[in-house]
Amino acid sequence: MSRARQIVYDRLAVTARSRADLEQALAKKHVPAEVARAILDKFEDAGLVDDAEFARSWVQSRQRSKGLSSRVLAMELRRKGVDEEIAREALDELDPAVELEAAHRLVQTKLRSMSALDDTTKIRRLTGLLARKGYSPQIAFDVVRQELGAEPAPLESL
């Protein structure tokens, strides 16, 4: 019991975790399921394990740092073992305008290193970048088209 508690403390000391993630960690350490359940129930009662809070912070952090779309964030939360209802609530808190702004930031950042490329190559690479981040093709093309139109024109020689 104390070994299981220590495993959970160690995991939570690094970063917030979902209950399912902690259950997997305990199973890998061969902690019996009933002991794991009892320990995790105590941690939940104390407010140290909270899937809803974990999902909210995960979504905000990953969206801000990686520019991921809500579709990719939903897949990540599923992989982390977060309940569908809890995940949906966390994702509903995302502002679509912030998600679109993140797509623009990703494209703007990538464009800085693409000045020597032709427009067709830029479009292909930028829409591919946004697709990997989970944005729909329509959003990807719209954002890329807007950003390429906003790209500063090269200075002409004097």
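Mentor: A salt bridge here is a side-chain nitrogen of Lys or Arg within 4 Å of a carboxyl oxygen of Asp or Glu. This is a predicted model, where local features need pLDDT of at least 70 and side-chain atom pairs count only at pLDDT 80 or more, while totals for chains, interfaces and linings use all residues. Residues are numbered from 1 along each chain as its sequence is written, and side-chain values use heavy atoms, with hydrogens and water left out.

Trainee: How many salt bridges does that rule give?

Mentor: The count comes to 10 salt bridges. One of them joins the side chains of glutamate 53 and arginine 56, at 3.0 Å from N to O.

Trainee: Why can those side chains pair up at all?

Mentor: Side chains of opposite charge can pair when their charged atoms come close. Glutamate 53 and arginine 56 are three residues apart in helix α4 (residues 51-66), so about one helical turn separates them. Helices are DSSP runs of H or I with at least four residues, strands are runs of E with at least two, and both are numbered from the N terminus.

Trainee: Ok, new spot. What does arginine 19 pair with?

Mentor: Its side chain meets glutamate 23 in a salt bridge of 3.2 Å, N to O. Arginine 19 also has a salt bridge with glutamate 44, again 3.2 Å from N to O. Glutamate 44 lies in helix α3 (residues 33-45) and arginine 19 in helix α2, so this pair ties together parts that are 25 residues apart in sequence.

Trainee: What does UniProt place at residues 4-42?

Mentor: An unreviewed UniProt entry has the feature "domain: RecX first three-helical" there. UniProt positions are given in the numbering used here, feature names are shortened, and annotations may be inferred rather than shown by experiment. In the model, residues 4-42 are 79% helix and 0% strand, and their end C-alpha atoms lie 12 Å apart.

Trainee: Last topic: where is leucine 68?

Mentor: Leucine 68 is in the loop between α4 and α5 (70-79). Leucine 68 is buried, with a relative accessible area of 6%. Leucine 68 and glutamate 99 are 31 residues apart in sequence, yet their C-alpha atoms are 7.8 Å apart in space.

Trainee: And which loop holds lysine 29?

Mentor: Lysine 29 lies in the loop between α2 and α3. At 44% relative accessibility, lysine 29 is partly exposed.

Trainee: Is aspartate 92 buried or exposed?

Mentor: Aspartate 92 is exposed, with a relative accessible area of 59%. You'll find aspartate 92 in helix α6 (residues 84-92).

Technical notes: Buried < 20%, exposed > 50% of the residue type's maximum accessible area, 1.4 Å probe, protein only.
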